[in-house]
Amino acid sequence: MISRSRSGTNANLPKAEIKRKGLTYAQVVEKLAEIGVSEDERKLRNKLSRGKFTAAFMLRCLNAISTSVLPLWA
């Protein structure tokens, strides 16, 4: 089971990776489109700022921005 504090950390992972790679939300939307995920820039920004998205969406985002290593917390 994921604790509340841990779930907030997980929700920040895509935002942190986007920032670390120096990408804009527009660039992320383009990269998502390349793998077949239709997303609007405004909707992407809202999803990431709220932290309310599925694990599948998070993995698609991380895949689109070529993130291959994820930090694991014990």
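Here are some notes on this predicted model, point by point.

1. Ground rules. Because this is a predicted model, local features need pLDDT of at least 70 and side-chain atom pairs count only at pLDDT 80 or more, while totals for chains, interfaces and linings use all residues. Residues are numbered from 1 along each chain as its sequence is written, and side-chain values use heavy atoms, with hydrogens and water left out.

2. Overall layout. The protein chain has four helices and zero strands, and its pattern along the sequence reads α-α-α-α. Helices here are DSSP runs of H or I with at least four residues, strands are runs of E with at least two, and both are numbered from the N terminus.

3. Burial and surface. Of the 74 residues in the protein chain, 27% are buried. The cut-offs are under 20% relative accessible area for buried, over 50% for exposed, and partly exposed in between (1.4 Å probe, protein chains only).

4. Contacts along the chain. Take the contacts (heavy atoms within 4.5 Å) between residues at least 6 apart in sequence: 58% of them join residues at least 24 apart.

5. Ala 11. What does Ala 11 touch, leaving aside residues up to four places away in sequence? The partners are Gly 51 and Phe 53. Ala 11 sits in helix 1, residues 4-20, and counts as buried because its relative accessibility is 12%. Leu 48 is worth a look as well: Ala 11 and Leu 48 are 37 residues apart in sequence, yet 7.4 Å apart in space, C-alpha to C-alpha.

6. Helix 2. This one spans residues 25-34, and its buried residues are Val 28, Val 29 and Leu 32. Seen down the axis, these buried residues fall within an arc of 100°, so they line one face of helix 2. (The arc is that of the directions from the helix axis to the C-beta atoms.) On the face turned away from the buried side you'll find the exposed residues Glu 30 and Glu 34. After helix 2 comes Gly 36, with a positive phi near 90°.

7. The structure holds three salt bridges, each meaning a side-chain nitrogen of Lys or Arg within 4 Å of a carboxyl oxygen of Asp or Glu. One of them joins the side chains of Arg 20 and Glu 17, at 2.9 Å, N to O. Both residues lie in helix 1, three residues apart, about one turn of the helix. An α-helix has 3.6 residues a turn, so residues three or four places apart point the same way.

8. Glu 41 pairs with Arg 45, the closest N and O atoms being 3.2 Å apart. They are four residues apart in helix 3 (residues 41-50), so about one helical turn separates them. Glu 41 is partly exposed at 31% relative accessibility, and Arg 45 is partly exposed too, at 36%.

9. Lys 47 and Glu 39. Their side chains also meet in a salt bridge, at 3.2 Å, N to O. Lys 47 counts as partly exposed at 22% relative accessibility, while Glu 39 counts as buried at 15%.
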